[in-house]
Amino acid sequence: MYYYGYTTQMLEAAVTLQSLFRMRTARVHFHRLMQGVAICRRCESDYLNDPLNLTRLGNYALYLHAIRHDYDRARPLYRRLMEYMAARGPDVAFILRCYAVFVYVTEEEDDDSVAMLFARADAIDKPKTKFQLAFLGFFRYSQIMFATNAQSNLNYAACAHWVYGQAAVAKAHYLRALDADPYNKRILRLFNTFLGRSNDLDGDDGAAHYMRYQATLVQSEDASRQQQWLDATATEQRHRAAVLLQTRFRARHQRKRVVRMKSILPVPHKALSTEELQLHQAFDTVAATNRNPSVLRVDQLADVYPLLGWSVQEAADDVAYATSHMEFQYPQSITWTRFRKWIQEEAAPPSHWE
């Protein structure tokens, strides 16, 4: 925008005007939609209260056609409307378009006759304002309320095709109608007619279009299911990771709590026997001469034995055995726990521990 010389104020003004215009258009469209729906909901009771009223007759015929899909009951009412219009003289765009859509979807007239009816309606109502309430309040309302109904989609496709010339919208709803009722030959014939008149680039074979449409639906459903599976897998992985993190955090927190409690409270120990107390005293006596008074060297084991009343020969034999067989992983730093285990399991004579 700045390249063409527009200022920031001009750009903001243009955006504001466009927003206001679109907002008003949407508001008017919604108002017309609700007005048409209100007419649709009360048209049956209005017609029964005043069956000679031409407007109420037209609304009720359209109700039977677009909402109830009761074509047998709508047919004589449409014919009566056409007779009234012919008797009065001038064409009525509302009647012409509704009747043209009806005879098209029921295949009661050929395409040329249908096109002539729409041309007569366009000649007197080119903006299609007279048909807006019928389209929004009946055909669009039926398609919204019965989205999977074949006849609702077929009527909506006929309106989009013949009245508004929206080929893409019409094609989508023809395919929806076929998907709702795939064995309906009339819908397939009308779809082929539409493809031939719209010069579709993919050809005028409605069955081929429908098969491609089904393949696309299946592919999209598979992709959706695969994406759901991937999302579920990712969610499960995130959940497991969160549980693992929480578990580790809580375990670490509990370990810290235990350490704090140990530093505050005395740790209970199993009471030592008389022999173990004597052994511990001898260990502490010899270890006190070291730089680290909590460990012994392997050669100091010979100094512990005499304090326990054991012979020097036993001490020499045990030290030699421990040295040759590498009984101690750290021979220069034997702790009290390792020393006691050594005495109880391997070194000490059994007679001392009976």
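Which residues in α4 meet which residues in α5?

## About the model

This is a predicted model, in which local features need pLDDT of at least 70 and side-chain atom pairs count only at pLDDT 80 or more, while totals for chains, interfaces and linings use all residues. Residues are numbered from 1 along each chain as its sequence is written, and side-chain values use heavy atoms, with hydrogens and water left out.

The average pLDDT (the predictor's confidence in each residue, from 0 to 100) is 87 for the chain, and 93% of the residues score at least 70. Over residues 348–354, pLDDT stays under 50. Where pLDDT is low, the predicted coordinates should not be read in detail.

## Two helices side by side

Back to the opening question: A93, L96, R97, Y99, A100, V101, V103 and Y104 in α4 meet D111, V114, L117, F118, R120, A121, D122 and I124 in α5. Here, meeting is a contact, with heavy atoms within 4.5 Å. Helices are DSSP runs (H or I, at least four residues), numbered from the N terminus.

The axes of α4 and α5 are 9 Å apart, and the helices pack at an angle of about 160°. Axes are lines fitted to C-alpha atoms over the stretch in contact, and angles run from 0 to 180 degrees between N-to-C directions. The two helices are therefore roughly antiparallel to each other, a label for angles over 145 degrees.

## Salt bridges

Side chains of opposite charge can pair when their charged atoms come close. A salt bridge is counted when a side-chain nitrogen of Lys or Arg is within 4 Å of a carboxyl oxygen of Asp or Glu. By this rule there are twelve salt bridges.

One of them joins R97 and D125, with the closest N and O atoms 3.1 Å apart. This pair links distant parts of the chain, 28 residues apart: R97 sits in helix α4, and D125 in the loop between α5 and α6. Both R97 and D125 are buried (under 20% relative accessible area, where exposed is over 50% and partly exposed in between, with a 1.4 Å probe and protein chains only).

Another salt bridge brings together E107 and R189 (2.7 Å, N to O). E107 lies in the loop between α4 and α5 and R189 in helix α9, so the pair ties together parts that are 82 residues apart in sequence. E107 is partly exposed at 32% relative accessibility, and R189 is partly exposed at 41%.

Conventions. Angles under 35 degrees count as roughly parallel, over 145 as roughly antiparallel, 65 to 115 as roughly perpendicular and the rest as oblique.
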